[in-house]
Amino acid sequence: QALSGSYTINVNAEDGVAHKSYTLHFSVALSDNAWLSNLLVNGESIPNFDAEVLAYTYPLPYGQTQVLEITGVPAVENQIIEVVNATSINEVSTITVTAPDGYNTNTYKVTWVNEKSTNAQLNMIYLDGKELEEFEPGDSDYSVLLPYGTTQLPEVSWTQGDADQTVQAERTDKTVVISVTAQDGTPNEYI
């Protein structure tokens with residue numbers, strides 16, 4: 001609530017003729033606070049929010065391309081808050097806060113990024129182009145009985161669980177070891 005008003009002081013000289021009035025006008029300065037009290041992502045407080053920290057990185061689940069709704073919560077009445085939301089992952093949303101005084105501003109920035117994939121499983125293993133019938137992505141040890149008279153191991157190939165995996169195969173005389181590393185470094189082996 002605004003506090004305003006005036007106070008007048010009247011001064012009369014001893015001669016009764018000279019007269020002077022002084023008027024004091026009072027008003028309260030508008031706040032210069034351009035900080036937020038909170039920053040919300042889909043209605044939830046951004047982790048580790050601190051009003052004086054202006055840059056944040058917000059992780060989205062692996063593969064998500066759509067950013068979330070961001071909202072600035074004013075610290076004082078009459079702040080002007082403008083949100084320019086990013087339209088996709090790896091872009092920046094900006095939240096500009098103008099203090100009630102109209103001069104002081106702060107701009108918060110939120111960069112949207114995907115979390116790294118933890119998937120270290122293959123979708124399928126193939127022997128000479130045919131699916132390994134008993135294959136289950138969570139099982140890692142397989143014994144394959146080759147027909148009598150086989151002189152070489154079959155060609156082993158696979159379908160990755162996601163495009164961000166690193167897959168390597170190492171052959172010995174009797175085994176093939178397929179090493180899968182997820183984007184976040186999680187390892188897995190199929191023998």
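Is N42 buried, partly exposed or exposed? N42 is partly exposed, at a relative accessible area of 47%. Buried means under 20% relative accessible area, exposed over 50%, and partly exposed in between (1.4 Å probe, protein chains only).

This is a predicted model, in which local features need pLDDT of at least 70, side-chain atom pairs count only at pLDDT 80 or more, and totals for chains, interfaces and linings use all residues. Residues are numbered from 1 along each chain as its sequence is written, and side-chain values use heavy atoms, with hydrogens and water left out.

**Positive phi**

Most residues other than glycine have a negative phi. Two exceptions are tabulated.

| Residue | Phi | Relative accessibility |
|---|---|---|
| N42 | about 50 degrees | 47% |
| N78 | near 70 degrees | 61% |

N78 counts as exposed.

**Q79**

Q79 counts as buried, at 11% relative accessibility. Its side chain places a polar atom 2.8 Å from the backbone oxygen of N33. The backbone oxygen of W35 is 2.9 Å from a polar atom of the Q79 side chain.

**Cores**

A nonpolar core is a set of buried Ala, Val, Leu, Ile, Met, Phe, Trp, Tyr and Cys residues joined through side-chain atoms within 4.5 Å. The largest has 20 residues; L39, I46, Y58, V110 and W112 touch the most other members. A second, separate core has 15 residues, including M124, F135, V156 and V176.

Key. Polar contact = N/O pair within 3.5 Å; in protein donor to acceptor, adjacent residues only side chain to side chain.
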